[in-house]
Amino acid sequence: VTLIVALLTALLLACTQPAFAQSVRIYFFDVGQGDGVLIQSPSGQNVVYDGGPAVTRMVEHLEAAGVSNVNMVIASHNHADHIGGLPEVIRRYRPRFFLENGVPTTTATYRRLIESVDSVAGELIEPTERRISFGDVTLQVVPPPGIEAWDQNNNSVGIVVEFGDFRLSLAGDAEQPQWSWWLDHYPNLFRPVQVHKASHHGSRNGDGAAGIASLSPKVVIINVGQNNGYGHPDPRALELYTSQRSEVHRTDLHGTIVVEAERSGKYTIRQDHPESTRPQPRTAAPPVTVR
Ligand SMILES: [Zn+2]
């Protein structure tokens, strides 16, 4: 009996040990024509940035990736190819924090999004220049212009993910007017990154030479659907990336893409079929701080 008790105790202890990873993971899910990104901290906190066009596909990806909690949802801007899947994510995971560009639209998709945020009483975070920390992972918010006369694309919420020496930039569907505005107003936020998510699915009016030169990404990931009717990515965008010697990865060609990065800045890029999972930590994660 003593032996059994000892074995059970050992087993219980093994199960309650923290399963902390040492790396941050950023998933670029294959959501068809749209963006669907998950940022997962080493301590298992999860931030969703956009949720693709389909109602349930993003939730299915998150479940396949073993995600059991989502702390925060960010909508880069309120077009359906970015927010279509977010209401289901919000209802399923009930995130505490929600951040959007603050430029409402009149679509039914946007109304469903706001209803879902209301239904879980999520705390609204203004898209101002602020830093949000999930343990050692920090999200630097790059504010949208908030100019209502500009369209949704040019009011995208930018995010720079930082983990030690690793940096990754997300720019929604920002086009040239917003890029000029960003580089004028927040030049200090546009420093070199290892990985950049192509603006506007690699359209010709997304990333420009000045923005890409300041980010000088080693890798560009294009979240884009197969045979989309927009001709994304545009050959001129691909030329821009290769002229900066950036390696290009595309969800239309490779499916879901996972970036895994260490504090040292070292990173790997993987194509995942299906999403690989890692155990969620069993101990309390560090508090989220919003500054
Ligand atoms: Zn889009």
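The following dialogue examines how several terms apply to this predicted model.

Tutor: Residues are numbered from 1 along each chain as its sequence is written, and side-chain values use heavy atoms, with hydrogens and water left out. Because the model is predicted, local features need pLDDT of at least 70 and side-chain atom pairs count only at pLDDT 80 or more, while totals for chains, interfaces and linings use all residues.

Student: Why is the arrangement of the 4 donor atoms around the zinc ion called irregular?

Tutor: The protein donors are D81 (OD), H82 (NE2), D173 (OD) and H201 (NE2), lying 2.0 to 2.1 Å from the zinc ion. Donors are N, O and S atoms within 2.8 Å of the metal (3.2 Å for Na, K and Ca); water is not among the atoms, so sites may look incomplete. Four donors count as tetrahedral if all angles lie between 85 and 135 degrees; four count as square planar and six as octahedral if opposite donors are over 155 degrees apart and all others between 65 and 115; anything else is irregular. Here the angles run from 88 to 153 degrees, so the arrangement is irregular.

Student: What makes D81 and H201 a link between parts 120 residues apart in sequence?

Tutor: D81 lies in helix α3 (residues 80-83), whereas H201 lies in the loop between β11 (195-197) and α7 (209-215), so the pair ties those parts together. Helices (H or I, at least four residues) and strands (E, at least two) are DSSP runs, numbered from the N terminus.

Student: Why is the pair of W179 and W182 called edge-to-face?

Tutor: Rings of Phe, Tyr and Trp (its six-membered ring) pair if their centres lie within 6.5 Å; planes under 30 degrees apart count as stacked, over 60 as edge-to-face and the rest as tilted. For W179 and W182 the centres are 5.2 Å apart and the planes are at 85 degrees, and the pair is therefore edge-to-face. By contrast, Y27 and F29 are stacked, with 5.3 Å centre to centre and 25 degrees between the planes.

Student: How do you know whether W179 is buried or exposed?

Tutor: Buried means under 20% relative accessible area, exposed over 50%, partly exposed in between (1.4 Å probe, protein chains only). W179 has 2% relative accessibility, so W179 counts as buried. W182, at 1%, is buried as well.

Student: What makes R94 count as buried or exposed?

Tutor: R94 has 52% relative accessibility and therefore counts as exposed. R94 also has a positive phi of about 45 degrees although it is not a glycine.
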